[in-house]
Amino acid sequence: MKKRPWLFGNTTIRNPLRIHDVMAALKEYPKPFSVTKAGLRLAGADDIAERQECFLRALACTLVPSIIEPNFQGNRFCPFRFVISLALALKQNTGSSFITFSEMAGIVQFRNSEASINKVCKEILTHRNCRVKSKNKHKYDHKFISESAKLYGYAAKTPGDYADTNIRYLKATGLFCAHGHGIALVPHRECLAELLAESFIMPETDDQYLDLISNGASLPVDDKQMSWQEWVGLSHRLTENGIDLRIHITPNSDVEDIRHACYRADALLTERRENDYAARQRYEWPEIIQYMHEMAGKTKNAKIPMAERAAYLEWVLWRSFLAINSLVNPPHQARRFPVDVDFLPVSTAPDNGPDMIFEFKDFVLVVEVTLTESSRQEACEGEPVRRHVAECAKIYSGKPLYGLFVAVKIDTNTAETFRIGTWYYADDQRATLSVVPVSLNDFATFLQNCFENNEPAIMRL
């Protein structure tokens, strides 16, 4: 029997009948093509905590089955709140809210409103007991997921693809973090998780549901008292980390002001965590080299999803320069791509600038990366890379500035374009650029030689 797994954010509409249903429901809206309140909130989010709250509001009201995703069995329910309740139940039974990747792939995402939390919790514990007895844990997990796929009529890799995406959405809310090869509730947000796991008033009509998802769910922190409690907890963590926020608020402050203080506090704590993450990279260079070899096609590693190779290429280059440990600018300013709570890439850097900018004591390095090969490489990257380097040259005029272009394979046409290295500004002023194209394997070799021989990478660079 084919039982469809649910997928957070799966709003891709492929069936023409479903397109008709959605458009018919939207027909009554005065502005069917206007940006929703939830969209405006996300567009205006400056800090990672604000963006996480946007995803939290979205997932907290995403239901299946619904007008968007009608092909599910069982009564309407909220998968996000279901996972929260399950994580809390697991913590009560085991002391940890940890849900493994194989448990998400083979069990959790196939359960619907008819499955009680206690029953699913027992399924997971039974699975764990069987896994403990197996000699080869990796092989056992692979077989377990494959058997679940076969049971519900899917290709062997489909549950894993769904689980990977679902886990990323869960982490995007800031309520979950990575734990081994799975996820767990963020400890200091478990109180919020418990409140979200409580009863949820379902919309009665499709119009009400469309209103709900366009506005986003209300959250406990919308209440001033709850928001103040969150601020008190964050302020204690700031004090423990020696951070002075210098924001004066009281229990009588407006809830918007309290929320702003919470966002700022969370951002400063995240920056501190990112600085600690950056400091660890000098000791993790073997893993960085391993990632580079995988990206270059030498080895296979399931850590990098095929659909996200471009984002991971930027991420591994960012980590390599953090490992060199000579940056002047902060780690979060050196990258232009967003990361999640575990500092894994969420997406690639936006197109309106370079991928990364690393400022050192004596020079500035603008880094661009690509997976594009052959003559398309020059067509896609030749103009943007030179333009980005030229724009940065104006900003960092007090230091020598260089461009580093890294690709799995450097096309000769691309190398020739960068060898000439000429750019004309809007006023026809000519600039001579220094852009060096390097293959990913060559850069990995350079980095490995520096670390193995204890040579100062910044000098060789």
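At 6% relative accessibility, T370 counts as buried, in what is a predicted model.

Me: In which strand is T370 found, and which backbone nitrogen does its side chain reach?

Reply: T370 belongs to strand β4, which covers residues 364-370. Leaving aside neighbours within four places in sequence, T370 is in contact with L313, Q377, E381, F405, V406, A407 and V408. Its side chain also reaches a backbone nitrogen at 3.0 Å, and that nitrogen belongs to T372.

Me: Is E103 buried or exposed?

Reply: E103 is found in helix α5, residues 101-106, and the side chain of E103 reaches the backbone nitrogen of T100 at 3.0 Å. Leaving aside neighbours within four places in sequence, E103 is in contact with F98, V108, I124, H127 and R128. The relative accessibility of E103 is 1%, and because the cut-off for buried is under 20%, E103 counts as buried.

Me: What distance separates the C-alpha atoms of F110 and W6?

Reply: F110 has its place in the loop between α5 and α6 (117-133), and at 1% relative accessibility F110 counts as buried. Along the chain, F110 and W6 are 104 residues apart, whereas their C-alpha atoms are separated by 6.8 Å.

Me: What distance separates the C-alpha atoms of E103 and T158?

Reply: Here the two residues are 55 residues apart along the chain.

Me: How are α14 and α18 oriented towards each other?

Reply: Two packed helices are described by the angle between their axes and the distance between the axes. Helix α14 (residues 309-324) and helix α18 (residues 440-452) pack at an angle of about 25 degrees, with axes 12 Å apart. Because angles under 35 degrees count as roughly parallel, α14 is roughly parallel to α18.

Me: Is the crossing of α14 and α18 left-handed or right-handed, and how many nonpolar residues does their contact have?

Reply: The crossing of these two helices, α14 and α18, is left-handed. On the α14 side the contact involves L313, L317, S320, F321, A323 and I324, and these meet L440, F443, L447 and F451 in α18. Sorted by class, the contact of α14 with α18 has no charged residues and one polar residue, and its nonpolar residues number nine.

Me: How is α3 oriented towards α12, and how many charged residues does their contact have?

Reply: The axes of helix α3 (residues 48-59) and helix α12 (residues 255-280) come within 7 Å and cross at roughly 115 degrees. Because angles of 65 to 115 degrees count as roughly perpendicular, α3 is roughly perpendicular to α12. The contact is made by I48, A49, E50 and E53 of α3 together with R259, Y263, D266 and T270 of α12. By class, the residues of the contact of α3 with α12 divide into three nonpolar, one polar and, to end on the number asked for, four charged.

Me: Which residues of α14 meet α12?

Reply: The axes of α12 and α14 come within 8 Å and cross at roughly 75 degrees, and the two helices are therefore roughly perpendicular to each other. From α12, the residues taking part are E274, Y277 and A278, and those they meet in α14 are W315, W318, R319 and L322.

Me: Is N325 buried or partly exposed?

Reply: N325 lies in the loop between α14 and α15 (331-334). Its phi is near 65 degrees, a positive value in a residue other than glycine. The relative accessibility of N325 is 40%, and because this falls between the cut-offs of 20% and 50%, N325 counts as partly exposed.

Me: Is D428 buried or exposed?

Reply: D428 lies in the loop between β6 (422-424) and β7 (430-432), and has a positive phi of about 70 degrees although D428 is not a glycine. The relative accessible area of D428 is 61%, and because exposed means over 50%, D428 is exposed.

Conventions. Residues numbered from 1 in each chain as written. Predicted model: local features only at pLDDT ≥ 70, side-chain atom pairs only at ≥ 80, totals over all residues. Heavy atoms only, no water. Axes fitted to C-alpha atoms, helices over the stretch in contact; angles between N-to-C directions. Helix = DSSP H or I, 4+ residues; strand = E, 2+ residues; numbered from the N terminus. Parallel < 35°, antiparallel > 145°, perpendicular 65-115°, else oblique. Left-handed = near helix turned anticlockwise from the far one by under 90°. Contact = heavy atoms within 4.5 Å. Nonpolar A, V, L, I, M, F, W, Y, C, P; charged D, E, K, R; others polar. Buried < 20%, exposed > 50% of the residue type's maximum accessible area, 1.4 Å probe, protein only. Polar contact = N/O pair within 3.5 Å; in protein donor to acceptor, adjacent residues only side chain to side chain.
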